[in-house]
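Please have a look at the chain on the screen, and then we'll walk through it together.

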Amino acid sequence: MEFLMHWGVTALSLWLAGFIFHGVSFANKKSLFISALLLGFANAVIRPIVIILTIPLTLITFGFFLLVINALMMLLVSAIVPGFKVSGFWTAFFASIFVTILSLVVGIFIFEPSDNFPMEIPVQEGVLV
């Protein structure tokens, strides 16, 4: 069930990105849902491999190269899925930032906080600061 919810959040984010960015378009609902599924797969499988291979470049750019990797994942998915078009790198760059932020914000409201945050912050009771 949680997988379907993540897929839906990604599809919603991509759909809204299609309205905001004129270079992102979907031919139909099928291409939207397939691209959301493949974008999730690319971010889960291919993206970590690319991150490991580009560690030196990521360190030199203080992590900003991760934004380029996100854009490349979106361009990869648009090259694979018929009906999903991204006009260029910069459109993919800003659309991937939008999709990431929107997915994070929507995910905070839908999923439990422990699903979104890797560590739990301990609360100390009885101490006044």
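How many residues does helix H5 have, and how far does H5 reach from its first C-alpha to its last? Helix H5, residues 89-110, has 22 residues and reaches 31 Å, close to the 32 Å expected at 1.5 Å a residue. That expected span is 1.5 Å times one less than the number of residues in the helix.

A word on where this comes from. This is a predicted model, in which local features need pLDDT of at least 70 and side-chain atom pairs count only at pLDDT 80 or more, while totals for chains, interfaces and linings use all residues. Residues are numbered from 1 along each chain as its sequence is written, and side-chain values use heavy atoms, with hydrogens and water left out.

Now the overall layout. The chain has 6 helices and 2 strands. Helices here are DSSP runs of H or I with at least four residues, strands are runs of E with at least two, and both are numbered from the N terminus. Along the sequence, the pattern reads α-β-α-α-α-β-α-α. Of the 129 residues in the chain, 30% are buried; buried means under 20% relative accessible area, exposed means over 50%, and partly exposed is in between, with a 1.4 Å probe and protein chains only. For contacts between residues at least 6 apart in sequence, 64% join residues at least 24 apart, where contact means heavy atoms within 4.5 Å.

Let's start with H1. Which residues of H1 are buried? They are Val9, Thr10, Ala11, Ser13, Leu14 and Ala17. Their cover includes strand S1 (24-26), H2, helix H4 (65-80), strand S2 (84-86) and H5.

Two packed helices are described by the angle between their axes and the distance between the axes. For H1 and H2, the angle is about 115° and the axes are 9 Å apart. Axes are lines fitted to C-alpha atoms, for helices over the stretch in contact, and angles run from 0 to 180 degrees between N-to-C directions. The crossing of H1 and H2 is right-handed: that is the term when the near helix is turned clockwise from the far one by less than a right angle, and left-handed is the term for anticlockwise. On the H1 side, the contact is made by Phe3, Trp7, Thr10, Ala11, Leu14 and Trp15, and on the H2 side by Leu32, Phe33, Ser35, Ala36, Leu37 and Leu39. These residues divide into 10 nonpolar, 2 polar and no charged. Ala, Val, Leu, Ile, Met, Phe, Trp, Tyr, Cys and Pro count as nonpolar, Asp, Glu, Lys and Arg as charged, and the others, Gly among them, as polar.

On to the aromatic rings. The structure holds 10 aromatic pairs. Rings of Phe, Tyr and Trp (its six-membered ring) pair if their centres lie within 6.5 Å, and planes under 30 degrees apart count as stacked, over 60 as edge-to-face and the rest as tilted. Trp7 and Phe33 form an edge-to-face pair, 6.3 Å centre to centre with 75° between the planes. This pair links distant parts of the chain, with Trp7 in helix H1 (residues 2-20) and Phe33 in helix H2 (residues 29-53), 26 residues apart. Trp7 is partly exposed at 26% relative accessible area, and Phe33 is partly exposed at 41%. The rings of Trp15 and Phe19 have centres 4.9 Å apart and planes at 85°, so that pair is edge-to-face. Trp15 and Phe19 both lie in H1, 4 residues apart, about one turn of the helix. Further along, ring pairs link Phe89, Trp90, Phe93 and Phe94 into a cluster.

Last stop, H4. H4 has 16 residues and reaches 23 Å from its first C-alpha to its last, close to the expected 22 Å. Its buried residues pack against H1, H2, helix H3 (55-60), S2 and H5. Leaving aside residues up to four places away in sequence, Asn70 touches Arg47, Ser96 and Thr100.
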